[in-house]
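Subject: Structure for your review

Dear colleague,

Please find below the structure that I am handing over to you. My findings follow directly after it.

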Amino acid sequence: MKRVYEKYSSDDGFRILIDRLWPRGVSKANAHVDLWLREIAPTDHLREWFSHDVKKWKSFKKKYKEELKENKLSLDKIRDLQKEHKTITLVFSAKDEQHNNAIVLGEVLHIL
């Protein structure tokens, strides 16, 4: 996993942006995103409710995992890409690298 604002590296392999909104201030060329899988991101309702409030982290994780259970197609797409590519990097824009959707998605995909 890597913030989209970090320097791109060829070691990143296949890069998947997992945010619903395109990151502010980053051009598509500079993002080096191979796939924007916005449907894997938390719903707008959940994202706005969480608002990166660490006090809501446990509840956010639970609610987002419930959403992911209903999003089998997107999870399967990532799993298929994992088989196809040697390295996959989940790219996200959140400032807080410990409390964000990428962490939860990584847990669900068993890549953490």
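Phe50 and Trp57 are both buried. Please note that the model is a predicted one. The ring centres of Phe50 and Trp57 lie 6.1 Å apart and their planes stand at 45°, so this pair counts as tilted. Together with Phe60 and Tyr64, Phe50 and Trp57 make up one aromatic cluster.

Across the whole structure, the search returns five aromatic pairs. Trp22 sits in the loop between strand 2 and helix 1 (28-31), whereas Trp36 belongs to strand 3, so the pair ties together parts that are 14 residues apart in sequence. With a relative accessible area of 22%, Trp22 is partly exposed; the cut-off for a buried residue is under 20%.

Helix 3

Helix 3 (57-69) consists of 13 residues and spans 18 Å from its first C-alpha to its last, close to the 18 Å expected at 1.5 Å a residue. Which residues of helix 3 are buried? They are Trp57, Phe60, Tyr64 and Leu68. These residues cover an arc of only 70° around the axis, which puts them on the same side of helix 3. On the face of helix 3 turned away from the buried side are the exposed residues Lys58, Lys62 and Lys69. The cover over the buried residues of helix 3 includes helix 2 (44-50), helix 4 and helix 5.

Helix 4

Helix 4 (residues 72-84) also has its own buried side, described here in turn. Its 13 residues reach 18 Å from the first C-alpha to the last, close to the 18 Å expected at 1.5 Å a residue. Ser74, Leu75, Ile78 and Leu81 are the buried residues of helix 4. Viewed down the axis of helix 4, they fall within an arc of 120°, so they line one face of the helix. The face turned away from this buried side carries the exposed residues Lys72, Leu73, Lys83 and Glu84. What do the buried residues of helix 4 pack against? Their partners are strand 2 (14-17), strand 3 (35-36), helix 3, strand 4 (88-92) and helix 5 (101-109).

The protein as a whole

The protein contains five helices and four strands, which follow the pattern β-β-α-β-α-α-α-β-α along the sequence. A compact globule of 112 residues would have a radius of gyration near 13 Å, and the value for the protein, 13 Å, agrees with this. Along the principal axes, the C-alpha atoms fill a box of roughly 35 × 30 × 20 Å. Of the 112 residues, 39% are buried. Where contacts join residues at least 6 apart in sequence, 60% of them link residues at least 24 apart. The protein exposes about 7,000 Å², and carbon and sulfur atoms supply 48% of that area.

Yours sincerely

Notes:
Residues numbered from 1 in each chain as written. Predicted model: local features only at pLDDT ≥ 70, side-chain atom pairs only at ≥ 80, totals over all residues. Heavy atoms only, no water. Helix = DSSP H or I, 4+ residues; strand = E, 2+ residues; numbered from the N terminus. Expected span 1.5 Å × (residues − 1). Buried < 20%, exposed > 50% of the residue type's maximum accessible area, 1.4 Å probe, protein only. Arc of directions from axis to C-beta. Contact = heavy atoms within 4.5 Å. Rg over C-alpha atoms; globule rule 2.2 N^0.38 Å. Areas by Shrake-Rupley, 256 points an atom, 1.4 Å probe, with all protein chains shown as cover. Phe/Tyr/Trp six-rings, centres within 6.5 Å; stacked < 30°, edge-to-face > 60°.
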